[in-house]
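Please keep the sequence and the model in view while working through the numbered points.

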Amino acid sequence: MNSLITLELTRALRNRKFLFFSVIYPSVLFLLLAGTADSTTTIDGTGLTLPTYMMVSMASFGALTAVLMGNSERIAKERENGWVRQLRLTPLPGRGYVLAKTASAAVVSLPSIVIVFVVAAAAKDVRLAAWQWFALTGAIWAGSLVFAALGVAIGYLASGDAVRPITMIVYFGLSMLGGLWMPTTTFPGWLQDIAEWLPTHAYAALGRAIEQSQVPQAGDIAVLAVSFVLFAGGAAWLYRKDSLKA
């Protein structure tokens with residue numbers, strides 16, 4: 001299993017296109033979205049400046065990109081070209097394959113989070129206490145496991161040809177409706193009600209609570225926990241179903 005994890009990490013770090021979209025792209029978006037804002041512009045209902053607010057959004061977006069886009073497409077293509085079937089002939093347990101995929105995605109997601117933080121601090125003068133930086137990094141990194149499980153599920157649900165459009169619809173839908181690209185306070189009331197039930201909204205809310213030196217709301221933690229159980233359970237069921245076909 002360790003050899004497979006090493007292989008997956010090497011493949012992820014050599015994929016320049018994937019690294020750009022998961023590591024650099026969120027920082028570029030942050031500069032575009034927060035570039036014209038000053039330190040006095042705040043988001044209604046939060047007390048956070050726009051750069052501070054968008055920093056968490058784009059760090060979450062970067063982690064989401066790494067774990068969702070990476071896992072789903074790789075798994076679907078490996079199923080199609082027979083690589084997963086070959087692995088089933090080895091002593092590697094199914095959980096080892098899923099763990100390797102999750103580990104490789106997590107390694108790429110961490111730099112995307114850190115780079116957004118560095119850009120926000122350097123370019124927009126975002127200042128937080130040391131414990132907040134560490135807590136933000138840990139919360140966003142750990143929360144990305146919810147979407148890593150979703151990526152695995154999509155990878156086993158879709159074929160190699162269909163996985164990209166399905167992933168993109170889920171990816172952009174969760175990002176936009178969850179408030180990662182713009183504050184949900186700008187949404188109509190009915191859309192805000194929908195957004196509160198999405199895991200991406202709860203995911204970013206964890207980071208914003210830390211920025212406000214508050215304890216994350218139990219409702220947000222519950223949404224993430226239920227989402228993880230559903231996504232991980234779906235991934236496990238689809239993996240077993242796929243194994244029976246082989």
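1. How many aromatic pairs does the structure hold? The structure, which is a predicted model, holds seven aromatic pairs. One aromatic cluster is formed by Tyr 25, Phe 61, Tyr 171, Phe 172 and Trp 181.

2. The protein chain contains ten helices and zero strands, and its pattern along the sequence reads α-α-α-α-α-α-α-α-α-α. Of its 246 residues, 50% count as buried. Among contacts between residues at least 6 apart in sequence, 78% join residues at least 24 apart.

3. Phe 20, Ile 24, Val 28, Leu 32 and Leu 33 make a nonpolar surface patch of about 430 Å². Leu 33, one of these residues, is found in helix α2, which covers residues 16–34. Is Leu 33 buried or partly exposed? Leu 33 counts as partly exposed because its relative accessibility is 34%, which lies between the 20% limit for buried residues and the 50% limit for exposed ones.

4. Why does Thr 184 count as buried? Its relative accessible area is 11%, and buried means under 20%; Thr 184 is therefore placed in the buried class. Not counting residues up to four places away in sequence, Thr 184 touches Tyr 53, Leu 177, Gly 178, Gly 179, Gln 192, Ala 195 and His 201.

5. Gln 192, one of the residues that Thr 184 touches, lies in helix α8. With a relative accessible area of 26%, Gln 192 is partly exposed. Which residues are in contact with Gln 192, leaving aside its neighbours within four places in sequence? They are Thr 184, Thr 185 and Phe 187. Gln 192 and Gly 179 are 13 residues apart along the chain, and their C-alpha atoms are separated by 9.1 Å.

6. Arg 208 lies over the face of Tyr 53, at 3.8 Å from the ring centre.

7. Side chains of opposite charge can pair when their charged atoms come close. The structure holds one salt bridge. It joins Arg 127 to Asp 125, with the closest N and O atoms 2.9 Å apart. Both Arg 127 and Asp 125 are exposed.

8. Asp 125, located in the loop between α5 (94–123) and α6 (130–157), has a positive phi of about 55° although it is not a glycine. Ser 213 is found in the loop between α9 (199–211) and α10 (218–245). The phi of Ser 213 is near 60°, a positive value in a residue other than glycine.

How values were computed. Residues are numbered from 1 along each chain as its sequence is written. This is a predicted model: local features need pLDDT of at least 70, side-chain atom pairs count only at pLDDT 80 or more; totals for chains, interfaces and linings use all residues. Side-chain values use heavy atoms; hydrogens and water are left out. Buried means under 20% relative accessible area, exposed over 50%, partly exposed in between (1.4 Å probe, protein chains only). Contact means heavy atoms within 4.5 Å. Rings of Phe, Tyr and Trp (its six-membered ring) pair if their centres lie within 6.5 Å; planes under 30 degrees apart count as stacked, over 60 as edge-to-face and the rest as tilted. A charge sits over a ring if NZ of Lys or CZ of Arg is within 6 Å of the ring centre and within 35 degrees of the ring normal. Patches are made of residues with over 30% relative accessible area and no salt bridge: like charges are joined within 9 Å, nonpolar side chains (Val, Leu, Ile, Met, Phe, Trp, Tyr) within 5 Å. Accessible areas come from the Shrake-Rupley method with a 1.4 Å probe; for residues, only the protein chains shown count as cover. A salt bridge is a side-chain nitrogen of Lys or Arg within 4 Å of a carboxyl oxygen of Asp or Glu. Helices (H or I, at least four residues) and strands (E, at least two) are DSSP runs, numbered from the N terminus.
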